[in-house]
Amino acid sequence: MADPILQVTDLSGGYDPVQIFRDINLSVGAGESIGIFGPNGHGKTTLLKTLSGLIDPWSGDIRFDGQQMNRSGARGSRRWQNFNYDAITRRRMDPKTVARAGLIHVQQGNLLFPELTVDETLSISTRAASGRQGWSRADVLGLFPRLSERLVHKIRFLSGGERQMVSVAAGLLSAPRMLILDEPTLGLSPKVRSELCDAIVTVRETGLPIILIDQDVAFLERIIDRLYLFDHGRISRVMERDEIPGHEGLMAMLFGEVT
Ligand SMILES: Nc1ncnc2c1ncn2[C@@H]1O[C@H](COP(=O)(O)OP(=O)(O)OP(=O)(O)O)[C@@H](O)[C@H]1O
Ligand SMILES: [Mg+2]
């Protein structure tokens, strides 16, 4: 079998000094997509932020596309690093390196610059592509036609759905070799939701590997090959797409049968 594009081994981490997740093992093959499903506040976003280098892992390894993303070894004490230039150079992971390698993270909650226009946002989003060929501006506007009418508008005047579309478009313009989508459809109206879901399915059909967190099992099933159940900072179960028991079944696995 070909090497996986992403291999995560015994990964633990959190917000020092509070550990949020531990002993995470997951592997995504080239052309595969996976989903992560779990209750609110159990650490899914923290895990994804660690994969993309926004926070440092405490221990374990992240290999992406044949490259070790974190400096190996266990976490040292942070206290002696405080106020020390070494704290910067000793970082175990660098988000710029991760993005330039093509692991692109579309974060939860529309983290765009409100005062930039859509056009400006799309323009700066190509920086992480570092020479890789990927989606062009025409491609992303074809995927999200309603953004064409919004190019001169500032992000802060867009609807939640439009902002989410800009976020995904920006991710695609970074020429991802793998895309991380953290609850891209959260809080959207049914019509806009279904537009966004269809667009993400189209992206998936190009063969791009995706890590998707979403609460909608039917949507997950359209995208992913495998689902990781995430419970109190651990992966409690892994199932292939055809083993997913539907929303009720997953809830029963997480919380026990409702009596
Ligand atoms: N910057 C931070 N500093 C300290 N604790 C944090 C920080 N961000 C999140 N947490 C805590 O980490 C825990 C896990 O949060 P996280 O956002 O990773 O969960 P989640 O599974 O993504 O939840 P949701 O489904 O609501 O998005 C929560 O208890 C949260 O309060
Ligand atoms: Mg989250």
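Which residue in E7 is the bridge partner of Leu103? It's Met178. Some notes on the rest, bearing in mind that this is a predicted model.

1. The sheet. Six strands make up an open sheet with mixed pairing, and the order reads E6-E7-E8-E3-E9-E10. At the edges sit E6 (103–106) and E10 (234–240), each of which pairs on one side only. From one strand to the next, the twist averages 20 degrees.

2. The E6/E7 pair. E6 and E7 (residues 178–182) run parallel and are joined by four bridges. Helix H1 packs on the sheet, where it touches E3 (34–37), E6, E7, E8 (210–213) and E9 (226–231). The direction of H1 makes about 155 degrees with that of E7.

3. Ligand 1. H1 (residues 44–51) turns up again here: it gives the shell around ligand 1 its largest share, three residues. The surrounding residues include Tyr15, Ile20, Asn40, His42, Lys44, Thr45, Thr46 and Gln108. By class, the shell splits into eight polar, two nonpolar and one charged.

4. A cis peptide. Check the bond between Asp16 and Pro17: it's cis, with omega at about 5 degrees. Pro17 belongs to the loop between E1 (6–15) and E2 (18–28).

5. Asp10, in strand E1, has phi near 45 degrees. Glu183, in the loop between E7 and H8 (190–205), has phi near 50 degrees. Glu183 has 19 C-beta neighbours inside 10 Å, so it counts as partly exposed; buried would need 20 or more.

Technical notes. Residues numbered from 1 in each chain as written. Chains lettered and ligands numbered in written order. Predicted model: local features only at pLDDT ≥ 70, side-chain atom pairs only at ≥ 80, totals over all residues. Near = placed C-beta within 6 Å. Helix = DSSP H or I, 4+ residues; strand = E, 2+ residues; numbered from the N terminus. Nonpolar A, V, L, I, M, F, W, Y, C, P; charged D, E, K, R; others polar. Pairing = 2+ DSSP bridges. Axes fitted to C-alpha atoms, helices over the stretch in contact; angles between N-to-C directions. Contact = placed C-beta atoms within 7 Å. Buried ≥ 20, exposed ≤ 12 C-beta atoms within 10 Å, placed from the backbone.
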